[in-house]
Amino acid sequence: MRYAITADLHLSTKQNHPERLDALSSILSTCAQSGIETLFIAGDLFDQSVSNPSDFENTIKAGAPKNLRVIILRGNHDMGLRQAAFTLPAIQVIEQPTVLKLEDNGLPIVLLPYQTENEVGKQLALLDGIKPDNFILISHGDWLGGKQIRNAYEQGTYMPLRSSDLQKFKPSQVFLGHIHIPFKDGIVWYCGSPCALDITETGKRSFILFDDRSGVVERVEIPGSKVNMIEKVTIYPAEDELSIFTRHFEKTTADQNLQGQESRIRARMILQGVTTNRKKIVDDVHSYLSSKGVEIESIKHDGLQIEVNPAKRIIADRAIDTIQKTYYSESEEYPEREDILALALQIIYGGEQGGYRSTRSMPRIWGRSANYPANLAV
Ligand SMILES: [Mn+2]
């Protein structure tokens with residue numbers, strides 16, 4: 001059976017955050033089109049337990065296919081959620097650890113709602129009748145295995161799942177809510193927030209479709225949704241400095257399959273390196289992005305120096321040319337090319353700013369490394 005899994009919608013009210021309900025509507029219409037009969041929400045459906053659930057119920061009423069079951073696990077933001085909050089029979093709140101079978105010959109699904117001061121492994125140990133390699137786990141908490149990422153919205157450690165738990169209990173597949181960045185580490189999948197809560201939740205938003213017979217996990221993009229982008233661009237002195245920016249921007253949009261859809265982008269651009277004219281490049285970048293229909297959150301340029309010695313341009317041109325032709329960094333262990341360019345410019349032109357500071361802290365998502373500000377990496 002195929003079912004849908006999402007998490008971390010953080011709904012409040014339609015008035016405050018209509019876009020979060022729009023993301024839910026989008027998931028519901030995909031469920032309708034794909035004949036999906038079960039939607040799991042792996043925690044943090046609401047930003048606060050006490051949120052008025054009527055906007056949520058109205059969205060379900062308006063958009064859900066008739067036979068859709070919506071199964072909600074509590075997250076750390078909506079721990080107080082009770083079945084009694086809802087009037088629609090299609091909505092089921094999981095208040096305790098539960099083993100569910102959607103059909104007789106389907107894989108058992110272990111549902112572990114968030115609990116304070118508890119761990120996924122401890123809860124699995126208390127459940128009867130789960131066999132290794134023969135169950136799916138859906139929960140809400142921190143994956144403490146290999147790749148670990150955090151986001152600013154969810155500081156601290158919440159109901160951890162450890163690699164040793166996977167070795168001991170051997171779930172076939174794990175789907176978690178809590179971290180808002182969509183990612184996968186082995187069999188562990190984070191759904192990611194289907195609607196970004198703030199600019200730091202970058203990249204396309206998605207939810208998951210899972211087929212328990214074939215084992216195929218599919219990430220489905222929320223169509224047409226806003227895409228936040230944080231990009232560092234290293235400027236260097238040149239006749240046409242804007243083209244340095246536009247080349248970078250075009251490559252970024254191409255990598256994310258956003259060409260021709262620039263109006264979906266909300267951007268924070270971080271200009272670093274060296275320029276001949278600070279005001280001009282910042283104004284030019286602003287005009288260029290506006291002409292593309294990009295919503296500009298900010299253009300930061302604290303790390304952008306002004307060229308004070310034009311004679312150094314000969315050295316800079318050659319260094320940049322060499323780095324661009326020879327430096328490729330696919331591994332997360334090495335600095336990004338933008339940082340190497342900035343470091344080269346710092347060595348050549350001097351100055352405190354625009355130097356190398358590793359921001360390589362996040363795994364690749366959608367086939368490309370995401371640039372996050374260093375202060376988000378814990
Ligand atoms: Mn959350």
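The model is predicted; local features need pLDDT of at least 70, side-chain atom pairs count only at pLDDT 80 or more, and totals for chains, interfaces and linings use all residues. Residue numbers start from 1 along each chain, as its sequence is written. A residue counts as buried if 20 or more other C-beta atoms lie within 10 Å of its own, as exposed if 12 or fewer do, and as partly exposed in between; C-beta atoms are placed from the backbone. Helices (H or I, at least four residues) and strands (E, at least two) are DSSP runs numbered from the N terminus.

Helix α2 spans residues 54-63, and Asp55, Phe56, Thr59 and Ile60 are buried in it. Seen down the axis of α2, the buried residues fall within an arc of 140°, so they line one face of the helix. The arc is that of the directions from the helix axis to the C-beta atoms. An α-helix has 3.6 residues a turn, so residues three or four places apart point the same way. The cover over the buried residues of α2 includes α1 (18-34), β3 (69-73) and β4 (91-94). Contact here requires C-beta atoms, placed from the backbone, within 7 Å.

Six strands form an open sheet with mixed pairing, in the order β4-β3-β2-β1-β11-β12. β4 and β12 (217-221) stand at the edges with a single partner strand each, so one side of each lacks a neighbour in the sheet. Neighbouring strands of the sheet are turned by 25° against each other on average, direction ignored. Strands pair if DSSP finds at least two bridges between them. β1 (residues 2-6) and β2 (residues 38-42) run parallel and are joined by three bridges. Ile5 stands opposite Phe40 in β2. Helix α1 lies across β1, β2, β11 (206-211) and β12, and runs at about 175° to β1. Axes are lines fitted to C-alpha atoms, for helices over the stretch in contact, and angles run from 0 to 180 degrees between N-to-C directions.

Two loop residues have positive phi. Asp8 lies in the loop between β1 and α1. Its phi is about 55°, although Asp8 is not a glycine. Asp8 counts as buried because it has 31 C-beta neighbours inside 10 Å. His178 sits in the loop between β8 (173-177) and β9 (183-185). Phi of His178, also not a glycine, is positive and near 125°. His178 is buried, with 27 other C-beta atoms within 10 Å.

Conventions. Contact = placed C-beta atoms within 7 Å.
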